[in-house]
Amino acid sequence: MCDNFSQQVEQAADWIRSAERLSAMTGAGVSAESGVPTFRGAGGLWEGRRAEEMATPEAFRADPACVWRFYNMRRDRLLQCAPNAAHQALAEIEKDRTDFCLITQNVDGLHRAAGSRNVVELHGDIWIDRCGVCDYAERVTEVSQAPIPRCPKCDGMMRPGVVWFGETLPPDAIDAAQTAAAQCAVMLVIGTSSMVQPAASLAMVAQHHGAKVIEINPESTPLTADANLVIAEKAGTAMAAIAKALSQPE
Ligand code: APR
């Protein structure tokens, strides 16, 4: 395994260039440089707070207004955030390929804002409100002033369009992610603690089918020991360098 950053970038670019299909899996770390807090670690959203207090159907049933305050706080913060160099590099890489699938656990919409097109949002989209009773859903762009938004169709309580702990992932998203993992020749795993299933197992699915797995994360994770290449750098630095290497003639 190469231990110097520029060699690692060259190695990653070589594998990506020759890969017939490319996938990437991103987590909260890819948005950290945009000012979006991660979930785990210092300053993370779950620090000093149990995820079950805010991100489960039980929490919503017990105190919907409290859960809405948490999501409104996150939406408020996201309104101040823009895509960073990592989001932009991923969108840039996609422009030159037809076989690129970007799987994300993030709900912040920053990949699409950067111009990525083939994005699988495994954990939903924080900018969708959906009814907890009927099938009504709508995209929102502002933070609601109502303590609990109501459904315009059936007056049921609206909830954020994200996947909570204990809920199943959208079947289309998990199918698309599993297919992309099984078919790719290279999978980039960027800015995720690789602790939440089933997302965390997709890198292993890819590797099991013969793909090279490249992890980009300044910290080690449960994936680190198995990755074919580890770039222990921030996502913005590493992805900008990889996109630059790919844009240059071999
Ligand atoms: N560049 C790359 N990685 C970074 C950066 C950065 N600038 N900053 C932090 N990281 C890494 C951290 O080292 C950590 O491993 O990003 C990872 C963030 O981990 P988590 O906060 O656990 O985020 P994620 O893996 O996306 O969480 C998965 O858990 O609570 C849920 O539903 C939520 O989708 C989320 C899921």
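Two strands are taken to pair if DSSP finds at least two bridges between them. On that basis, the predicted model contains an open sheet of three strands, arranged in the order 5-4-6 with antiparallel pairing. Strand 5 (137-139) and strand 6 (158-162) stand at the edges of this sheet, and each has a single partner strand, so one side of each is left without a neighbour in the sheet. On average, and with direction ignored, neighbouring strands here are turned by 35° against each other.

Strand 4, which spans residues 124-131, is joined to strand 5 in the antiparallel sense over three bridges. Within this pairing, Ile 128 stands opposite Arg 139 of strand 5. Helix 5 (residues 64-78) packs on the sheet, where it touches both strand 4 and strand 6. The direction of helix 5 makes about 135° with that of strand 4.

Strand 7 (residues 186-190) and strand 8 run parallel and are joined by five bridges, and Leu 188 has Ile 214 in strand 8 as its bridge partner.

Turning to charged side chains, the count of salt bridges comes to twelve. One of them links Asp 14 with Arg 17, with the closest N and O atoms 2.9 Å apart. Both residues belong to helix 1 (residues 5-18) and lie three residues apart, about one turn of the helix. Asp 14 is partly exposed at a relative accessible area of 39%, and Arg 17 also counts as partly exposed, at 26%.

Another salt bridge joins Glu 167 to Arg 159, and its closest N and O atoms are 2.7 Å apart. Glu 167 is partly exposed, with a relative accessible area of 23%, whereas Arg 159 has a relative accessibility of 7% and, since buried means under 20%, counts as buried. Salt bridges also link Arg 50, Glu 52 and Glu 53 in a network. Within it, the closest N and O atoms of Glu 52 and Arg 50 are 3.1 Å apart, and Glu 52 is partly exposed, with a relative accessible area of 42%.

Aromatic side chains form six pairs. In one of these, the ring centres of Phe 39 and Trp 46 are 5.3 Å apart and the planes lie at 40°, so the pair is tilted. Phe 39 is partly exposed at 21% relative accessibility, while Trp 46 is buried at 12%. The rings of Phe 60 and Trp 164 likewise have their centres 5.3 Å apart and their planes at 40°, so this pair is tilted too. Phe 60 lies in helix 4 (residues 57-62) and Trp 164 in the loop between strand 6 and helix 8 (171-183), so this pair links distant parts of the chain, 104 residues apart. Phe 60 is buried, with a relative accessible area of 9%, and Trp 164 is buried at 3%. One aromatic cluster brings together Phe 39, Trp 46, Phe 60, Phe 70, Tyr 71, Trp 164 and Phe 165.

How values were computed
Residues are numbered from 1 along each chain as its sequence is written. This is a predicted model: local features need pLDDT of at least 70, side-chain atom pairs count only at pLDDT 80 or more; totals for chains, interfaces and linings use all residues. Side-chain values use heavy atoms; hydrogens and water are left out. Helices (H or I, at least four residues) and strands (E, at least two) are DSSP runs, numbered from the N terminus. Axes are lines fitted to C-alpha atoms, for helices over the stretch in contact, and angles run from 0 to 180 degrees between N-to-C directions. Contact means heavy atoms within 4.5 Å. A salt bridge is a side-chain nitrogen of Lys or Arg within 4 Å of a carboxyl oxygen of Asp or Glu. Buried means under 20% relative accessible area, exposed over 50%, partly exposed in between (1.4 Å probe, protein chains only). Rings of Phe, Tyr and Trp (its six-membered ring) pair if their centres lie within 6.5 Å; planes under 30 degrees apart count as stacked, over 60 as edge-to-face and the rest as tilted.
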